[in-house]
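Subject: Structure handover and notes

Dear colleague,

Please have the sequence and the model open side by side while you read.

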Amino acid sequence: MDNSVHRLQIIQSHLLARSSLTITDNRNGKTLEVPIKNGFVLGKDMGKLKNQEGENLMVYDPGYMQTVCCTSRISYIDGDKGILEYRGYPIEELAEKSSFLEVAFLLINGELPTKMQFEKWEHKILHHTYLHTDISRMMKNFHYDAHPMGVLVSTMSAMSTFQPEQNPALLPGMDPYKDTLLMNKQIYRIMGRIITVAAYAYRNRIGRPFNEPAQGLNYIENFLYMMDRLNEGNYKSHPKLVRALDVLFILHAEHELNCSTAAMRHLASSEVDVYTCIAGAAAALYGRKHGGANEAVLRMLEEIGSVSNIPSFLEKVKAGKGRLMGFGHRVYKNYDPRAIIVRKIADDVFSVCGKEPLIDIAMELERIALTDKYFIDRKLYPNVDFYTGVIYKSMGFPTDMFPVLFTIPRVAGWLAHWKEFHADPENKIVRPRQNYIGKRTRDYVPVDKRQKSDFFLSSVTSTRAKRREVN
Ligand code: CMC
């Protein structure tokens with residue numbers, strides 16, 4: 001071996017050996033050496049620092065800004081460089097060459113499928129698109145203007161009650177999620193049914209009968225068929241739009257420990273059944289800081305109304321009155337690589353559906369924001385949601401369906417994490433600790449001796465209650 005290479009290796013191994021923290025606890029003068037592995041220290045090592053009462057030192061970290069809570073092999077993000085990879089494959093390459101169902105296989109099973117594996121995978125998923133008639137009947141009972149995410153969350157949760165054979169709550173002493181066949185069955189069911197639930201939520205909203213899944217159509221075509229077919233015998237969706245949606249689904253399939261995926265793992269840790277986990281993860285996604293951002297972006301663009309209103313809108317944002325939706329990210333401190341691809345898809349969709357006028361406001365908003373000190377200083381760039389709303393609008397989807405279009409593909413990522421969670425013996429029930437600053441050990445006060453508290457006055461008095469008091 002070359003001498004200089006050998007020297008380099010020795011230096012590297014010395015550096016690795018010194019990869020640790022030496023902490024002096026000034027409360028008692030004790031010193032502790034804590035190893036650093038992959039850029040983090042173990043919580044249990046920090047816990048070796050104890051106070052006089054023997055209590056472990058804790059880490060206060062709202063929003064888990066600095067907390068690593070699991071080991072994963074599913075996706076990799078480098079937020080500074082704007083890199084996203086699924087199982088090691090760059091997102092750009094997958095978006096160009098793959099399909100959503102193939103990517104879902106990759107995420108959930110770890111490798112790209114062979115031709116035969118893919119055929120089986122697609123067949124199994126498409127054969128699980130049918131809903132139990134009691135589920136479809138239940139879905140018809142939602143109010144006509146129910147938000148489709150509310151419908152989706154409730155329906156996925158209800159589905160748990162239809163599959164008792166997989167529900168750990170009903171199987172004392174058994175561990176159903178150690179059974180690969182049983183797990184795969186739930187994966188096929190959830191992947192298959194999510195497009196039907198999404199389409200039915202939409203059909204219910206517009207007061208049209210549900211379309212049963214069709215034979216001979218692929219996953220995306222089937223979804224669009226169930227959404228849009230009226231009574232045409234030869235309904236066929238536009239291939240350019242099918243491909244656009246396929247790519248959008250690839251981009252949304254997985255994004256490591258975002259709020260909803262963290263919720264999925266959180267719920268899985270209590271051993272609740274997978275349908276309830278999916279409902280909980282979808283509920284987390286629904287929020288406008290997460291998967292609801294695409295809907296929020298569109299409502300924001302409509303509210304801005306014209307390019308001339310952008311400067312005053314941005315002044316309000318900078319003054320802390322509202323946010324520029326579709327901008328900013330916890331991990332990306334550079335352009336979100338998905339947003340670059342989404343921007344390109346917009347032109348393909350416009351060539352079929354016509355240009356959505358809101359795109360002009362979005363592009364000008366982006367241009368101004370990217371040259372504004374406020375956004376530059378905070379490293380706020382467009383994220384995946386900034387342009388998707390404009391594309392979905394041009395495709396004719398109603399605004400409240402946008403988070404549903406995010407949820408369908410993200411189910412693949414959630415299931416990948418669910419499977420990974422159950423296979424990892426290091427995982428435990430999630431149980432963070434709190435910084436308790438409330439009152440302690442008080443004597444109970446009988447009701448006739450209690451004072452009306454400020455909290456009750458300020459937060460609970462409703463209009464109705466106020467009217468009652470006046471009367
Ligand atoms: N518009 C204006 N200011 C912002 C924005 C924004 N979109 N995002 C962050 N900031 C400011 C924030 O006010 C704060 O400023 P200061 O330091 O002066 O207090 C600073 O930037 C840091 O913000 P933060 O809220 O501490 O950052 P975070 O990492 O907790 O939040 C975020 C990340 C995505 C929730 C946030 O950027 C946001 O609310 N963006 C708008 C909603 C959105 O587009 N969400 C979609 C995220 S991508 C899709 C997904 O995976 O969910």
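Predicted model: local features only at pLDDT ≥ 70, side-chain atom pairs only at ≥ 80, totals over all residues.

Residues are numbered from 1 along each chain as its sequence is written, and side-chain values use heavy atoms, with hydrogens and water left out.

The chain as a whole

The chain holds 21 helices and five strands, these being DSSP runs numbered from the N terminus (helices are H or I with at least four residues, strands are E with at least two). Its C-alpha trace spans about 90 × 80 × 60 Å along the principal axes. The domain assignment gives domain 1 (4-48) and domain 2 (81-433), with bounds that come from an automatic or database assignment, and the centres of domain 1 and domain 2, taken over C-alpha atoms, are separated by 41 Å.

Of the 471 residues, 46% count as buried, where buried means under 20% relative accessible area, exposed over 50% and partly exposed in between (1.4 Å probe, protein chains only). The accessible surface of the chain comes to about 26300 Å², and carbon and sulfur atoms make up 53% of it; such areas come from the Shrake-Rupley method with a 1.4 Å probe, and for residues only the protein chains shown count as cover.

The annotated site

An unreviewed UniProt entry places the feature "active site" at His329 and Asp385; UniProt positions are given in the numbering used here, feature names are shortened, and annotations may be inferred rather than shown by experiment. These residues span 57 residues in sequence, yet no two of their C-alpha atoms are more than 10.7 Å apart, so they gather at one spot.

His329 lies in the loop between helix H14 (310-318) and helix H15 (337-353), and with a relative accessible area of 23% His329 is partly exposed. When neighbours within four places in sequence are left aside, His329 is in contact with His255, Arg338 and Asn383. A polar atom of the His329 side chain also lies 2.9 Å from the backbone nitrogen of Val331, which falls under polar contacts (a pair of N or O atoms within 3.5 Å; within protein, one must be able to donate a hydrogen and the other to accept it, and residues adjacent in sequence count only if both atoms are side-chain atoms).

Asp385, by contrast, is found in helix H18 (residues 385-394) and counts as buried at 5% relative accessibility. Again leaving aside neighbours within four places in sequence, the contacts of Asp385 include His252, His290, Asn294 and Phe406.

The ligand

Which residues are the closest to the ligand? Of the 18 residues that surround the ligand, the closest are His290, Arg323, Leu324, Gly326 and Arg330, a residue being counted if one of its heavy atoms lies within 4 Å. An oxygen atom of the ligand is 2.5 Å from an N or O atom in the side chain of His290, and an oxygen atom of the ligand is 2.8 Å from an N or O atom in the side chain of Arg323. A nitrogen atom of the ligand lies 2.8 Å from a backbone N or O atom of Leu324. On its own the ligand has 940 Å² of accessible area, and the protein covers 74% of it.

Single residues to look at

Asp372 is found in the loop between helix H16 (358-370) and helix H17 (373-377) and is buried, with a relative accessible area of 14%. The side chain of Asp372 reaches the backbone nitrogen of Tyr374 at 2.8 Å.

Most residues other than glycine have a negative phi. Tyr64, although not a glycine, has a positive phi of about 50 degrees; Tyr64 is found in the loop between helix H2 (43-46) and strand E3 (75-78) and counts as partly exposed at 44% relative accessibility. Thr441, also not a glycine, has a positive phi of about 25 degrees, and at 76% relative accessibility Thr441 counts as exposed.

Definitions and conventions. Contact = heavy atoms within 4.5 Å.
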